[in-house]
Structure formats: C-alpha cells, structure tokens
Amino acid sequence: MKPALLALAAFLLAACAYQKPVTYSQFALTGEITRLDPSKNIAEIKHDDIKNDAGKLWMAAMTMEFPVKDPAEFARLHTGQRIKATVHQNDADLSYWIAGITELPPPAKP
Ligand SMILES: [Cu+2]
C-alpha cells in the first residue's frame, strides 16, 4: 500500500471511531392500513397525529408509507385493518420503520 493510501485508511478508521453512537426515537402510532407493497414490505397507513412521550406533536395526521422491518409482522397485515404500532426513528439519518404492530377493533359506528 502506498503511504498516501495508508494515511487515508488511517484517517477513515479514526473518523469512524469518533462517530457518535446512533440513538433512536420511538413514537406511538395508530391508523388504518390503506395499501400494502409486499415487494418492499411497505405499509401505507392513514395515521392519526403522532406525538412523542412528552405529548409534543411529531407528525400531523396524514396518509404515508412506513417500512415494516420484520417480514413475519408484515405477513399478518391486511388492507383496511386498524392498527397500533411503534414508529422507530434513527436520529442520525432520520430513517424510520414500524414494529410491534397489533390490530385494533374497527371504530364504533355512530
Ligand atoms: Cu406521516
């Protein structure tokens, strides 16, 4: 290896070592599954307001896609289901996914 390459390798190694450990945030989500994409394990969910533990709004109600990391969890989902789940967010790159999905009873008819 040339000295310049060696120096670069040493620098990259040091840069990696000094990276802060990645932290994750969690948010409670409720909503209805509007579409499923089995090719990417993505669930489109019409979600209610999402707040953090302190009650501060993280995301207002909308319809959007959430990746489901666990294939076994994804396999249990159906369009039209009302669900409760936890949104996990990587605080470093802001990527997110849902886990801990449980089915909720359909809303009571008025
Ligand atoms: Cu959203």
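Leaving aside neighbours within four places in sequence, Gln26 is in contact with Thr86, Val87 and His88. Two residues count as in contact if their C-beta atoms, placed from the backbone, lie within 7 Å. Gln26 sits in strand 1. Strands (E, at least two residues) and helices (H or I, at least four) are DSSP runs, numbered from the N terminus.

Is Gln26 buried or partly exposed? Gln26 counts as partly exposed, because it has 13 C-beta neighbours inside 10 Å. The cut-offs are these: a residue is buried if 20 or more other C-beta atoms lie within 10 Å of its own, exposed if 12 or fewer, and partly exposed in between, with C-beta atoms placed from the backbone. The C-alpha atoms of Gln26 and Tyr96 are separated by 9.4 Å, with the two residues 70 apart along the chain.

## The model and its outline

This is a predicted model, in which local features need pLDDT of at least 70, side-chain atom pairs count only at pLDDT 80 or more, and totals for chains, interfaces and linings use all residues. Residues are numbered from 1 along each chain as its sequence is written.

The protein has 2 helices and 7 strands. From the N terminus on, the elements run α-β-β-β-β-β-α-β-β. The radius of gyration is 20 Å, well over the 13 Å that the globule rule gives for 110 residues, so the protein is more spread out than a compact globule. That radius is taken over C-alpha atoms, and the globule rule is 2.2 Å times the number of residues to the power 0.38.

Along the principal axes, the C-alpha atoms fill a box of roughly 75 × 35 × 20 Å. Of the 110 residues, 12% count as buried. Among contacts with a separation of 6 or more, 50% come from residues 24 or more positions apart.

Which order do the strands of the open sheet take? The sheet has 5 strands in the order 5-2-1-6-7, with antiparallel pairing. Its edge strands are strand 5 (62-67) and strand 7 (96-104), and each pairs on one side only. From one strand to the next, the twist averages 45°. Such angles run from 0 to 180 degrees between N-to-C directions; axes are lines fitted to C-alpha atoms, for helices over the stretch in contact. Two strands pair if DSSP finds at least two bridges between them. Strands of a sheet pair through backbone hydrogen bonds, either parallel or antiparallel.

Strand 1 (residues 24-37) and strand 2 (residues 42-47) pair antiparallel over 6 bridges. Here Gly31 has His47 in strand 2 as its bridge partner. Arg35 stands opposite Glu44 in strand 2. Strand 2 also pairs antiparallel with strand 5, over 6 bridges. In strand 5, Glu65 is the bridge partner of Glu44. Strand 6 (residues 82-90) and strand 7 run antiparallel and are joined by 7 bridges. Lys84 stands opposite Thr102 in strand 7.

## Two hairpins

Strand 1 and strand 2 form a hairpin with 4 residues between them. In its turn, Asn41 has a positive phi of about 55°. Asn41 is not a glycine. Asn41 is partly exposed, because 18 other C-beta atoms lie within 10 Å.

The hairpin of strand 6 and strand 7 has 5 residues between the strands. There Leu94 takes a positive phi near 65°. Leu94, too, is a residue other than glycine. With 8 C-beta neighbours inside 10 Å, Leu94 counts as exposed.

## The core

Which residues make up the largest nonpolar core? Its 11 residues are Leu29, Ile33, Ala43, Ile45, Phe66, Val68, Ile83, Ala85, Val87, Ile98 and Ile101. A nonpolar core is a set of buried Ala, Val, Leu, Ile, Met, Phe, Trp, Tyr and Cys residues joined through C-beta atoms within 7 Å. Strand 1, strand 2, strand 6 and strand 7 each supply at least two residues of this core. Strand 6 gives the largest share, 3 residues.

Ile83 touches Gly31, Ile33, Ile101, Thr102, Glu103 and Leu104, not counting residues up to four places away in sequence.

## Outside the strands

His78 lies in the loop between helix 2 (71-75) and strand 6. His78 is exposed, with 9 other C-beta atoms within 10 Å.
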